Amino acid sequence: MTPGVTASTVYLCTVFIVLFNVYVDSQDTDAQLCKMCEGTVRQDSPVWDFCLTKGHIRGRCCFGNETSNVDAIIGLDLANCSISHVEHLYNSSTAFIIDLSNNPISNLSGFIFQGFSHLTHLLLPSKLECPGGNASWEKVEVKNNARICKGQKNICNQTAQMSWDCPENSFCSPYGPGFFECSCLHNFYGYKCMRQGEFPIVKVLWILTGSTVVVSSLLWFTQRRKAKNI
């Protein structure tokens, strides 16, 4: 077997393994989140009503029906699950509705919902505040011992000065309740969107491929020499 064939095989196997691990990790975190509570989405939960027309239920999660988001969590019902602490909601940043009510949660970091730009309906224990504060939501009310945060506001539209926080050649984009991110304008990329043109993805891929082949070849020659000496 020639060194070139060996290096190519090693590279392809490495890419396959990395992609497979990413896929498995994604499935594991989804399964972990959807099974944090026994049973499935409760029929008296607003997540149930939402999922009847928008998706299908797996455990405590509602997944989208459309082909483009069939594996995306669009609803999450973790109400009445005896959860006292929430550190991460894994791959549920695509959710439109989340129910965490009737849980003994004493504190909840607002950073948990960073990136949840689609979230429009959030139910929390009544003693907790809505992430981002009331100003980040169209309506906030307390009902049946639950604080209901409805209609996430676009923080970029709340003040004309918000655009000053983004560098030139970029624009403000909502990134969850109380959060925003700066996205580059079309035809700009890089640090602070200072580079004009398209990102050289082909060049980068060639560099990565070349580096992988060189490293794999060096390892092959090194290991082959050691094997002969033995």
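What follows is a short chat about a predicted model of a protein chain.

Q: What pattern do they follow along the sequence?
A: Reading along the chain, you get α-α-β-β-β-β-β-β-β-β-β-β-β-α.

Q: OK, how much of the chain counts as buried?
A: 32% of the 230 residues.

Q: And the accessible surface, what does that come to?
A: About 14,600 Å², with 56% of that belonging to carbon and sulfur atoms.

Q: What share of the contacts with a separation of 6 or more is between residues 24 or more positions apart?
A: That share is 35%.

Q: Switching to pockets: what volume does the largest one have?
A: The largest pocket comes out at about 200 Å³.

Q: Which residues line it?
A: The lining is made of Arg 42, Asp 44, Ser 45, Pro 46, Asp 99, Ser 101, Asn 102, Leu 123, Lys 143, Asn 144, Ala 146 and Ile 148.

Q: How does that lining divide into nonpolar, polar and charged?
A: Evenly: 4 nonpolar, 4 polar and 4 charged.

Q: Different topic. Which residues does UniProt list for "domain: EGF-like"?
A: Residues 182-193, and the listing comes from an unreviewed entry.

Q: What's the helix and strand content of residues 182-193?
A: The span is 0% helix and 42% strand.

Q: And how far apart are the end C-alpha atoms of that span?
A: They lie 9 Å apart in the model.

Definitions and conventions:
Residues numbered from 1 in each chain as written. Predicted model: local features only at pLDDT ≥ 70, side-chain atom pairs only at ≥ 80, totals over all residues. Heavy atoms only, no water. 1 Å grid on protein atoms, 1.4 Å probe; cavity = no way out; pocket = protein on both sides within 12 Å on 5 of 7 lines; lining within 4 Å. Points joined across faces, edges and corners; volume = space filled by probe spheres on them. Nonpolar A, V, L, I, M, F, W, Y, C, P; charged D, E, K, R; others polar. UniProt positions renumbered as here; feature names shortened; annotations may be inferred. Helix = DSSP H or I, 4+ residues; strand = E, 2+ residues; numbered from the N terminus. Buried < 20%, exposed > 50% of the residue type's maximum accessible area, 1.4 Å probe, protein only. Contact = heavy atoms within 4.5 Å. Areas by Shrake-Rupley, 256 points an atom, 1.4 Å probe, with all protein chains shown as cover.
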